[in-house]
Amino acid sequence: MLPIVAIVGRPNVGKSTLFNRIVEERISITDDLPGVTRDRIYSKATWLNREFRLIDTGGIELTDAPFLTEIKAQAEIAINEADVIIFTVDAKDGLLPGDRDVMAMLYNSNKPIIIAVNKVDNPKYQEAIYDFYEFGATHVINISSVHGTGIGDLLDEVVKHF
Ligand code: GDP
Ligand code: MG
């Protein structure tokens, strides 16, 4: 069984962009499974010769479900299936109540949680990282999924926990 890495986070933080960035540019895709929405949400991948499955939990859409139901479903997948959780947040927005809702659901897991502070396209957003230390995650790292910065460092940290 390959290790499973789940990307979670409230809408619009950049989960799908991160998923695509990892899959398309930084690691070789060796297999695909059909997703349940238009977005591809599963991919088999490798980093530093370590194979894993990546899941974009935000791509699992529940029609008309309220926000908390939606993120609860995401968190349950991550808690039940994942070996490592990438909790994605948005440096431009800073810490919002929706981030606390996600974290509250992840607290019960004994899984390594790596917070990826996304949208750090510019050094002026780097300090947003300090907002997120209070969550007590395993690791917190700045990334830009659009520019590709920090993705290698993020994956280095992910594979340490396999
Ligand atoms: P999701 O709802 O969490 O899957 O978020 P998406 O991946 O759909 O991204 C939401 C929006 O944020 C889109 O407009 C993305 O282009 C944008 N976005 C994602 N990553 C970055 C980033 O690193 N920098 C910037 N500036 N925008 C980003
Ligand atoms: Mg998405």
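**Close-up views of a predicted model**

View 1. Val-23 is found in helix α1, where helices (H or I, at least four residues) and strands (E, at least two) are DSSP runs numbered from the N terminus. This is a predicted model, in which local features need pLDDT of at least 70, side-chain atom pairs count only at pLDDT 80 or more, and totals for chains, interfaces and linings use all residues. Residues are numbered from 1 along each chain as its sequence is written, while chains are lettered from A and ligands numbered from 1 in the order in which they are written. Val-23 counts as partly exposed because it has 19 C-beta neighbours inside 10 Å; a residue is buried if 20 or more other C-beta atoms, placed from the backbone, lie within 10 Å of its own, exposed if 12 or fewer, and partly exposed in between. The C-alpha atoms of Val-23 and Ala-45 are separated by 6.9 Å, although these residues are 22 apart along the chain.

**View 2. Two loop residues with positive phi.** Asn-12, in the loop between β1 (4-8) and α1, has a phi near 75°, a positive value in a residue other than glycine, and is exposed, with 12 other C-beta atoms within 10 Å. Lys-119, in the loop between β6 (113-118) and β7 (139-142), also has a positive phi near 75°, but is buried, with 22 other C-beta atoms within 10 Å.
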